[in-house]
Amino acid sequence: MSMTIKVYEVDRYGRTRVVRPKAEVVPAGTVELSAEFPVCRCDRCDRCEGAE
């Protein structure tokens, strides 16, 4: 199974510019831990490490 991806940026006025044109990509079978978002450590979140 393949996917397509197109990378563009939007400026503060809502104008878009293509950074990379549409391309076929193959999704990764596994994701390395380094690619995950870090654990939330904010004061408001109950999912944080050390939350009481």
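User: Why is the contact between E9 and R17 called a salt bridge?

Analyst: The rule asks for a side-chain nitrogen of Lys or Arg within 4 Å of a carboxyl oxygen of Asp or Glu. In this predicted model, the side chains of E9 and R17 meet at 3.0 Å, N to O. That value is within 4 Å, so the pair is a salt bridge. Side chains of opposite charge can pair when their charged atoms come close.

User: What are the ground rules for the model and its numbering?

Analyst: Residues are numbered from 1 along each chain as its sequence is written, and side-chain values use heavy atoms, with hydrogens and water left out. The model is predicted: local features need pLDDT of at least 70, side-chain atom pairs count only at pLDDT 80 or more, and totals for chains, interfaces and linings use all residues.

User: How many salt bridges does the rule give?

Analyst: The count comes to two. Besides E9 with R17, R15 forms one with D11, and the closest N and O atoms are 2.8 Å apart.

User: What makes the D11 and R15 contact a polar contact as well?

Analyst: A polar contact is a pair of N or O atoms within 3.5 Å; within protein, one must be able to donate a hydrogen and the other to accept it, and residues adjacent in sequence count only if both atoms are side-chain atoms. The side chains of D11 and R15 make such a contact at 2.8 Å. D11 sits in the loop between β1 and β2.

User: Why does V7 qualify for a surface patch?

Analyst: Patch residues need over 30% relative accessible area and no salt bridge; like charges are joined within 9 Å, nonpolar side chains (Val, Leu, Ile, Met, Phe, Trp, Tyr) within 5 Å. V7 lies in strand β1, residues 3–10. Its 32% is over the cut-off, so V7 can take part. With I5 and V19, V7 makes a nonpolar patch of about 210 Å².

User: Which residues does A23 contact, leaving aside its neighbours within four places in sequence?

Analyst: A23 touches M3, T4 and I5, where contact means heavy atoms within 4.5 Å. A23 is in strand β2. Its relative accessibility is 34%, so A23 is partly exposed. The C-alpha atoms of A23 and V7 are separated by 9.4 Å.

User: How much of the chain counts as buried?

Analyst: Of the 52 residues, 4% count as buried. The accessible surface comes to about 5,500 Å², of which 52% belongs to carbon and sulfur atoms.

Technical notes: Accessible areas come from the Shrake-Rupley method with a 1.4 Å probe; for residues, only the protein chains shown count as cover. Helices (H or I, at least four residues) and strands (E, at least two) are DSSP runs, numbered from the N terminus. Buried means under 20% relative accessible area, exposed over 50%, partly exposed in between (1.4 Å probe, protein chains only).
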